[in-house]
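Hi,

Here is the structure I promised to pass on. Have a look at it first, and then read on for what turned up.

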Amino acid sequence: MPPAENPISRLTTEGMSRAPNRAMLRGVGFHDEDFTRPMVGVASLFSQITPCNAHLDRLAQRGCEGVRAGGGVPQIFGAPTASDGIMMGHQGMRYSLVSREVIADSLEVVSGGMNHDGLIAFGGCDKNMPGCVMAMARLNIPSIFVYGGSILPGSGPEGKDVDIVSIFEAVGQFQAGTASEEHVYHVECEACPGAGACGGMYTANTMSSAIEAMGLALPWSASTPAVSAAKERESFMAGKALVNLVKKNIRPRDLITRKSLENAYTFVLALGGSTNAVLHLMAIAREAEVEWSLEDFDRIGAKVPHLADLKPGGRYVMNDLHKAGGTPPVLKALLDAGMLHGDCLTCTGQTLAENLKHVKSIYDYRQNVVLPLDAPMHESGHIVILHGNVAPEGAVAKVAGLKERRITGPAKVFDGEEACAAAIAAREITAGDIVVIRGEGPVGGPGMREMLAITGALVGQGLGESVGLITDGRFSGGTHGLVVGHVAPEAWVGGPIAFLRTGDVLTIDADTKTLSAEVSEEEFAQRREGWTAPELRVARGVLAKYARCVRSASEGAVTS
């Protein structure tokens with residue numbers, strides 16, 4: 001007898017003892033023949049909270065139609081999402097990274113409990129993507145991720161394209177006296193013209209690109225705009241492809257390997273993606289039980305050029321890359337250059353090289369978004385892993401588009417983002433300073449807040465190239481400047497950053513990959529004397545649970 005097409009869900013539906021289970025399923029529309037078909041969980045992270053996810057209900061329905069067309073039975077269910085852009089700059093941002101874990105847990109609970117034979121997930125905001133893929137890796141049932149797609153650019157003053165980062169920087173310009181209230185209002189009204197995730201190579205587009213390169217999303221998924229018929233067709237085809245994976249028993253851990261993680265991070269570096277990729281790829285690797293460390297990021301970064309002239313370090317947004325040809329032509333160029341592993345299996349059932357066989361290289365198109373291999377934005381990766389006496393476990397720097405990759409200067413130390421924001425608003429930060437924001441790590445935050453409001457204000461005040469910034473928190477994919485995040489160990493657990501003082505001389509050097517303070521070991525030891533770990537900021541609820549369970553940023557800030 002051929003193997004059953006519903007090898008997992010039959011535990012729920014087969015036999016006399018499962019008559020009550022079938023009765024419940026009949027109540028939501030199952031027919032007799034459905035009990036022998038693959039039962040597919042369709043996770044929709046639709047919400048009206050954020051433009052990133054406002055259209056996912058429609059896409060998820062197209063996915064259900066594709067599952068039906070492929071011979072499966074879809075079961076759509078919801079999962080929570082929160083908006084990084086809206087939570088930015090206040091205490092709500094503490095829930096951002098936590099939401100990644102909650103999303104992973106939610107998908108695991110539903111698909112694991114329902115014995116789904118496969119899982120297709122639709123997400124759009126920053127933490128949706130890694131959260132969904134982490135759940136897929138845990139469950140290890142045939143899975144596909146569908147990215148909701150990128151937002152179109154808005155029309156700002158003088159007809160210039162604007163996006164969400166434009167408004168953060170406009171606030172800084174207003175604080176500096178270089179922009180009027182009317183200018184800020186204009187940018188505010190135009191920055192987000194409709195559905196879709198933030199337009200530059202920020203975290204959403206970074207992770208969607210990584211997932212496509214890793215093989216868990218269909219080709220073109222990362223670059224197809226949110227508001228397009230092509231995205232609707234992709235959603236339908238993803239549903240059909242998922243049923244094919246079930247029938248072939250191709251699972252996430254067949255796709256998530258050391259080679260495919262190398263492909264994913266290579267693509268991130270070539271496109272100029274977010275530092276959050278380091279956290280999220282580390283977490284995905286851990287859930288898939290693939291050996292991976294900060295050294296792997298550094299090893300790949302040393303040999304992959306930064307090619308794409310995309311925001312925040314460049315001029316263009318994802319919609320421009322879409323018009324230039326999209327993500328597969330860039331992958332094709334990297335494959336032709338020997339930078340990718342073409343033998344990695346993907347969710348199409350074919351290898352990456354087979355998917356790209358009939359795709360033209362991006363260099364066969366007339367375009368200005370992706371620079372030539374021999375004339376890149378920078379010859380090596382724009383994300384650099386730093387070590388030193390401030391970050392013995394490591395830290396992550398983003399140097400995309402920077403003219404200066406080294407700074408030495410006096411520290412201005414702040415306990416928490418709010419204290420730093422107040423100092424910036426009061427114009428207390430000057431060129432040459434190195435701003436230190438501590439107490440924002442995975443435990444201390446809790447939740448490792450992003451600092452886009454801080455970096456946006458500094459850029460708006462004209463200080464983006466002339467100050468350094470280090471934190472045990474994170475940075476948004478929209479951040480640019482000489483910034484260092486993920487400093488580990490974090491201040492809350494007694495890392496060296498806890499003992500820095502205003503006036504200490506610090507050095508950030510992306511070329512030597514160091515983050516150091518001119519403070520001797522003996523002086524650090526004296527400052528540490530009598531120190532005890534502070535109590536958690538919160539005592540109850542999801543933030544408290546997260547703070548008690550979370551691992552270091554150097555391990556992906558995972559809770560499992």
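Predicted model: local features only at pLDDT ≥ 70, side-chain atom pairs only at ≥ 80, totals over all residues.

Residues are numbered from 1 along each chain as its sequence is written, and side-chain values use heavy atoms, with hydrogens and water left out.

Back to the rings. The structure holds four aromatic pairs (rings of Phe, Tyr and Trp, the last by its six-membered ring, pair if their centres lie within 6.5 Å; planes under 30 degrees apart count as stacked, over 60 as edge-to-face and the rest as tilted). One of them is Y265 with F297, an edge-to-face pair with 4.8 Å from centre to centre and 80° between the planes. This pair links distant parts of the chain, 32 residues apart: Y265 sits in helix α12 (residues 258-271) and F297 in helix α14 (residues 294-301). For the element names, helices (H or I, at least four residues) and strands (E, at least two) are DSSP runs, numbered from the N terminus.

Next, helix packing. α12 packs with helix α13 (residues 276-287) at an angle of about 170°, their axes 11 Å apart. Axes here are lines fitted to C-alpha atoms, for helices over the stretch in contact, and angles run from 0 to 180 degrees between N-to-C directions. α12 and α13 are therefore roughly antiparallel (angles under 35 degrees count as roughly parallel, over 145 as roughly antiparallel, 65 to 115 as roughly perpendicular and the rest as oblique). Y265 turns up again here: L261, A264, Y265 and V268 of α12 make the contact with A277, V278, L281 and A285 of α13. Contact means heavy atoms within 4.5 Å. By class, the residues of this contact are eight nonpolar, no polar and no charged (Ala, Val, Leu, Ile, Met, Phe, Trp, Tyr, Cys and Pro count as nonpolar, Asp, Glu, Lys and Arg as charged, and the others, Gly among them, as polar).

Another helix pair crosses at roughly 75°: helix α5 (residues 94-114) and helix α21 (residues 541-549), with axes that come within 10 Å. That makes α5 roughly perpendicular to α21. On the α5 side the contact has R94, Y95, L97, V98, E101 and V102, which meet V542, L543 and Y546 in α21. This contact of α5 with α21 has seven nonpolar, no polar and two charged residues.

- L45 is in the loop between β1 (39-44) and α3 (56-70) and is buried, with a relative accessible area of 0%. Its contacts include I103, F122 and C132. L45 and G124 are 79 residues apart in sequence, but 7.7 Å apart in space, C-alpha to C-alpha.
- N319 lies in helix α15 (residues 318-324). N319 counts as buried at 13% relative accessibility, and N319 touches L152, P153 and P225.
- S554 is in the segment after α21 and is buried at 17% relative accessible area. S554 touches M282, L294, E393 and A488.

Last, the backbone. Which peptide bond is cis, with omega near -5°? The one from A488 to P489, where P489 lies in the loop between β12 (482-488) and β13 (505-509). The bond from G445 to P446 is cis too, with omega near -20°. N249 is not a glycine, yet has a positive phi of about 55°; N249 counts as partly exposed at 42% relative accessibility. K513, also not a glycine, has a positive phi of about 60° and sits in the loop between β13 and β14 (514-517).

Cheers

Technical notes. Buried < 20%, exposed > 50% of the residue type's maximum accessible area, 1.4 Å probe, protein only. Lists of a residue's contacts leave out its neighbours within four places in sequence.
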